[in-house]
Structure formats: C-alpha cells, structure tokens
Amino acid sequence: MGRAPGRFLTGSENAGLVTIVTSMTNHDELAGVSGTQQAAIAVVDAHAAHNYHPLPVVVSEASGAGVVDIDGKRYLDCLAAYSAVNFGHCNPQLTAVAKEQLDKVTLTSRAFHSAALGPFAAALARLANKDMILPMNTGAEAVESGIKVARKWGYEVKGVAADQANIIVAEGNFHGRTTTIISFSDDAEARDNYGPYTPGFKTVPYGDADAIEAAIDDNTVAVLLEPIQGEAGVNVPPPDFLPRVREITSERNVLFIADEIQSGLGRTGATFQCDNVGVVPDLYLVGKALGGGIVPVSAVIGNEDVLGVLKPGQHGSTFGGNPLAAAVGLAVVELLETGEMQERAKRLGERLLAGLQEFEGKGVTEVRCVGLWAGIDIDPDVATAREVCQNLLARGILAKDTHGQTIRLAPPIVIAEEELEWAIDQFGEALGDFLA
Ligand SMILES: Cc1ncc(COP(=O)(O)O)c(C=O)c1O
C-alpha cells in the first residue's frame, strides 16, 4: 500500500484494509459486524501477527462481568481473559491500589529493594501456607522458573547426575508458549516447527497415577501437572488422582508441581484446586488472576528447602516483583484472604452446573464444571463450538471455543446471579438455533 513507516492510516487506507481482512477472515463471521468494528479489526490484522483467531468484537470498555464494544453494544464476559479477570474487569478495589502505586514508584528492578515487595511476598506465601515466593510476570515464566528450580533441586539436593534430570508431564497439557514448554506439549499447533526441542520430559496419560509411578526413575525430579486441564477443555481428573500423585511423589522423593495458573485463586471455589482434593504440592505456580487483570504477575510458591536452591544471580527478571505488580498482587491476596470469592465461585458454580446439565443429550454431549468453570462438549452432529460461540456473541455473550467441540465458560466471579441465569438461558437459545 506504499505508505511511509510510522504514519497513521487515513480513513480510505483503513477502508482498503477491510478488503484485506475479509480475504483473510471467514466472511460468515463478519456478517453483521459494523463497518467501524471491521475497520478496527482490519488494522489489527494488518499490523499484529495472526497468532490468535479472535471472535469479531472490538472491546473498548469493561467493568465487572460486562464489556462494551466500540459501537456501544454491551456483552456479558463469560471467559474473563482465561481467568485473569477472576475478580471482575476494572475491580475498583484493585484499580484504586494500582492508581495509588502509579504515583509512588512502579519499577526499581531487583537491584534494589522496594517497599511493596516484602508485604506481597509474605502475604502470598501465607495464603499458600508456604515459606516464600519467586515473583515473575507471565504464567509461562512461572512454569519455566518451576522447571529450573526443580532441576536445580534435583542436582543439588536429590543428587541426580549432571544433565540427567527428567520431569513427568501429562498428555493434553498446556503450560504456556516458551520453547521449553512447547517441547513437552502434544498439541501440534503449539509445537510444530519450533524445534529443536528441550529434552528432559516424559509424558504420561492425564489422570493415570499408575503411569506416573511407572515413569518415575532415579533421575525424576518433578511431576508437573495442571490440577484441572483448562486449555484441554476443563478436563477434571478422577478424584483420587492428585492425592495419589502426592503420595507417590512423596515416597519417591520427587517434587509435585501444581500449575494453578488457571485453576487457582478462586476459580474452582477454593484458593487452589489442590485444596478441593486435599492435596498440598511442593510448588504452586500462580499467575493470571494474581495481577487482578491489570498487570502480569506470576509466582512460584514453595518452601525454603526447595526455593532456597536459588542464589543471587542464578535466576531473575527485570520486572518480576516490581512495585506496581506487588501492590496489585497484595490487594489480590487480601481479597482472597476473606474467602468471599472462593465461596461465591462455589455457590454460583453449582447453579452453572445444574443449568448446563439440562442441555446434556440436547446438543451437548458432556458438561464438566468445577466452581465457576465449565467445559461444555457440543455434539458434533449439531454444531461446532465456534459456531455456538458466534451465536452467543450475537446474543451478547463472550465465550470461547477450544479444540473444535468444547466451549469453556469462566465468567468473572463477581458476575451477578441474574446475569449467570441469563447466560445459561442464552446458551440454551443459542444451542436451540442449531437444533431447530
Ligand atoms: C495452566 C496454565 N499454565 C500456564 C499458562 C501460561 O500463562 P501465560 O499465558 O500468562 O504465559 C496458562 C495460560 O493459559 C495456563 O492455562
């Protein structure tokens, strides 16, 4: 299109981009989308890499469980940024803390101490009943950090021979997008053409404790699991799975690392999904909701005997534990300490499960729901999950498909009961459109 770099697009150039996007994006999906939104989507498609396939809605404002698009249409958010917005969009308790911190200090790096880090670290460790935290930013960084800590612990404490450590992971896992993490993914989309891959991982079927026991050898330093697999479609393991993993790993001197980045911090009706099954892992990995939907905040949480292997200079992050993140993280922990969010997710989750079960056998083949987190399998003879999500979008509900036939619902925990009822009704109507 021959324009100078850095110059803003004129209206007619923007209009030109609409032509580009319609040739890249499914025409049906843009039907009914306003010209204003199509133009906004076109700019993103032209200048941001196409590593996502968003539903065609352009959000400009949000609060609580509601979002508003650039045309002023309101929607109920039933995804909550993959659980990063557990406590609602622009939660006033959290934004007030962020605004106050913005005027104090936002970044020192860990070269110096900041007044905010200590209280945050102490509070988060207390919430998890552990000694200390390793603060990072994104979820993937927390996972990477957990892997590094486990390997270091393996060599320096357990006595594994140099470079021989292995970590057991599960089929269908999703732990993020770094080169090492995708090395042990079995999702071709996430993994293909990013090799050479990081060695040192063994994959076993999810939910199979015997397979874990059989896979452990003298060089196994950790078992890394999602207590519920989120990306895989809210895949809930048998109730005795995590307790058995805990038993086996304790007996064999292997660390149990629970990736609670999506399942933790209120979503499942408890502080951690591990709490729901009476299990205490060696390391918790947390992220997403820890930043209150405001800033990326993640952490590895554990005891000194494990996290203590890290010495100055051996791991780090310029932004990890920065004062803004720490202030928001502390406010999130304080919110969770009251237990209200966990209680609410549990109560509303029971309603969500009961509501969704009504559709089993009527366009839905299976519903899995823990707390306010549901995976709904759409009957392939009826529609794809994406088609149902498109229909929900038109009805004012934001939801996201995963793996073709599954819809994941994870509304902000602050959602009002009437909003949840409305969402369940709309889901029924949307499904009904395909059954008719
Ligand atoms: C269980 C789990 N671990 C790790 C991650 C990665 O988090 P992030 O996208 O913040 O890197 C995700 C993201 O969806 C996740 O669900």
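**Helix packing, sheets and ligand shell in a predicted model**

Helix α6 crosses helix α14 in the left-handed sense, meaning that the near helix is turned anticlockwise from the far one by less than a right angle (clockwise would be right-handed). The model is a predicted one, in which local features need pLDDT of at least 70 and side-chain atom pairs count only at pLDDT 80 or more, while totals for chains, interfaces and linings use all residues. Residues are numbered from 1 along each chain as its sequence is written.

In this crossing, α6 (residues 117-128) and α14 (residues 323-337) pack at about 35°, and 9 Å separate their axes. Axes here are lines fitted to C-alpha atoms, for helices over the stretch in contact, and angles run from 0 to 180 degrees between N-to-C directions. Helices (H or I, at least four residues) and strands (E, at least two) are DSSP runs, numbered from the N terminus. On the α6 side the contact is built from L117, P119, F120, A123, L124 and L127, and on the α14 side from A326, G329, L330, V333, L336 and E337; contact requires C-beta atoms, placed from the backbone, within 7 Å. By class, this contact has 10 nonpolar, 1 polar and 1 charged residues. The classes take Ala, Val, Leu, Ile, Met, Phe, Trp, Tyr, Cys and Pro as nonpolar, Asp, Glu, Lys and Arg as charged, and the others, Gly among them, as polar.

At the level of domains, the protein chain is assigned domain 1 (9-44), domain 2 (57-88 + 341-435) and domain 3 (92-339), with bounds that come from an automatic or database domain assignment. Taken over C-alpha atoms, the centres of domain 1 and domain 3 are 39 Å apart.

Strands β2 (residues 66-69) and β3 (residues 74-77) run antiparallel and are joined by 3 bridges, with V67 opposite Y75 of β3.

The ligand is surrounded by 15 residues, the closest being G139, A140, G176, I261 and Q262; a residue counts as near if its C-beta atom, placed from the backbone, lies within 6 Å. Helix α7 (residues 139-158) gives the most to this shell, with 3 residues. The shell comprises 5 nonpolar, 7 polar and 3 charged residues.

Two backbone details complete the description. Most residues other than glycine have a negative phi, and most peptide bonds are trans. A80, in helix α4 (residues 80-83), has a positive phi of about 55° although it is not a glycine. G195 and P196 are joined by a cis peptide bond, with omega about 0°, and P196 sits in the loop between α9 (188-191) and β6 (201-204).

How values were computed: Contact = placed C-beta atoms within 7 Å. Pairing = 2+ DSSP bridges.
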